[in-house]
Amino acid sequence: MGRANRVVLAYSGGVDTSVCISYLKHEWGVKEVITLAADLGQGDELEPIREKALKSGADKSLVADLKADFIKDYAFPAIQANALYENRYPLSTALARPLIAKALVDAAEEYDADAVAHGCTGKGNDQVRFDVSIAALNPKLKVLAPAREWGMSREETIAYGEKFGIESPVKKSSPYSIDRNALGRSIEAGPLEDPWNEPLEEIYAMTRAIADTPDEPEYLEISFEQGIPVSLNGDTLEPLALVETLNEIVGRHGYGRIDMVENRLVGIKSREIYEAPALMALILAHRELESLTLTADVTHYKRGIEETYSQLVYNGLWYSPLKLALDAFVEQTQSRVSGVTRLKLFKGQATVVGRKSDHTLYTPDLATYGSDDLFDHKAAEGFIYVWGLPTRVWAEKVR
């Protein structure tokens, strides 16, 4: 089946994407396959992955360092939006997909490819995120998804690869499927597929068990400028360094674990475990700073925007018109969200214990109950009368 002459394939080094190389060439008649491995801070050695692609039949193997862009252009805007899918998941994995899609499209343009490809199956969310993002960036570019169409089991996929010299993977003792980047880890499958099973401690890597956390609390001051985190405890850090440092500090205290049954876009429920210590702490600190600096109506309205924003990102619509419009709203709200939030980290908890800002709307002489109180208590009676007038009129008519 001839679908394209030159294809750029998103490559992870795993079985599926390795087999995709041979499948594209031998089953679909692709003449040239260029692989692209994205460095998102997952900690893998990418040179062996680059070499494996060549051994698996790739004509060219690329590695793209996307770590800095990932934090600055994808994670930080999501923090400004307090993005939590279903009010729990901070989108640590989902945020990487539109960036990988952009890298694929850019590479396709650079190498004059007429298609891009990925190794997603037809059951997950990532296929949607890739396909829709690529279509938004270049609607003329073909998107190929061999694993969605070949209908092979895991064993059959491995056997197919062996026919073309792709080494069988060493049998894993772990039954889990794990994805990691600079923002966190997602863990699924194996015993986790039963939502009644408690996760074993062995699945976690970024956050300590409560029993292994320090016996003394640690205080952390996170500074923001216009909703963007810029420093920890007064030390200014580059975005990636800030996230990496925060992952270590917060994870050491066991904070940042999420165990949830989420609603996938394709219509099924999935039990997912996430670790995202830095991202969870930053959203917590950012939202608290907004409580000082945003007016009540903006704060309340933004909550609905945040929910929609999170759904759009989860559902693969990062580059959609509505998402772009919401970006403008969120950016406008952040103009005065500058200041410091103080967190207390202790035994799996992150608690806000202080917040301050030069742009604070908190007015002590109006909030106080002491002798410095400037609030006009007598004005409250007239306010309550006008505020409650519609309710009184209604009550008189229905009783």
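**α9 against α10**

I began with the helix pair: His286, Arg287 and Glu290 in α9 meet Thr299, Lys302, Arg303 and Glu306 in α10. Contact here means heavy atoms within 4.5 Å. By class, I get no nonpolar, 2 polar and 5 charged residues for the contact of α9 with α10. For the record, Ala, Val, Leu, Ile, Met, Phe, Trp, Tyr, Cys and Pro count as nonpolar, Asp, Glu, Lys and Arg as charged, and the others, Gly among them, as polar.

Helix α9 spans residues 277-293 and helix α10 residues 296-314; they pack at an angle of about 150 degrees, their axes 11 Å apart. Axes are lines fitted to C-alpha atoms, for helices over the stretch in contact, and angles run from 0 to 180 degrees between N-to-C directions. α9 and α10 are therefore roughly antiparallel (over 145 degrees; under 35 would be roughly parallel, 65 to 115 roughly perpendicular and the rest oblique).

**Ground rules**

I am reading a predicted model, in which local features need pLDDT of at least 70 and side-chain atom pairs pLDDT 80 or more, while totals for chains, interfaces and linings use all residues. Residues are numbered from 1 along each chain as its sequence is written, and side-chain values use heavy atoms, with hydrogens and water left out.

**The chain overall**

I find 13 helices and 14 strands; helices (H or I, at least four residues) and strands (E, at least two) are DSSP runs, numbered from the N terminus. The C-alpha trace spans about 85 × 55 × 45 Å along its principal axes. Of the 399 residues, 47% are buried (under 20% relative accessible area; exposed is over 50%, partly exposed in between, with a 1.4 Å probe and protein chains only).

**The parallel sheet**

Next I looked up an open sheet of 5 strands, with parallel pairing and the order β3-β2-β1-β4-β5. Two strands pair if DSSP finds at least two bridges between them. Strand β1 (residues 6-10) and strand β4 (residues 115-117) share 3 bridges, and leucine 9 stands opposite alanine 117 in β4.

Helix α1 (residues 15-26) lies across β1, β2, β4 and β5, at about 165 degrees to β1. Helix α2 (residues 46-55) lies across β2 and β3, at about 155 degrees to β3.

**Histidine 118**

I followed the chain into the loop between β4 and α5, where histidine 118 is found. Is histidine 118 buried or exposed? At 1% relative accessibility, histidine 118 counts as buried. Its side chain reaches the backbone nitrogen of cysteine 120 at 3.2 Å. Leaving aside neighbours within four places in sequence, histidine 118 is in contact with residues including Leu9, Cys20, Phe130 and Val143.

**The antiparallel sheet**

My last stop was another open sheet of 5 strands, antiparallel, in the order β10-β9-β8-β13-β14. β10 (235-236) and β14 (349-356) each have a single partner strand, so one side of each is left without a neighbour in the sheet.

Strands β8 (residues 218-225) and β13 (residues 339-346) pair over 7 bridges, with leucine 220 opposite leucine 343. Between β8 and β9 there are 4 bridges, and isoleucine 222 has leucine 232 in β9 as its bridge partner. Leucine 232 is also the bridge partner of aspartate 235 in β10.

I also noted that β8 and β9 form a hairpin with 2 residues between them, and that glutamine 226 in the turn has a positive phi of about 50 degrees.

Definitions and conventions
A polar contact is a pair of N or O atoms within 3.5 Å; within protein, one must be able to donate a hydrogen and the other to accept it, and residues adjacent in sequence count only if both atoms are side-chain atoms.
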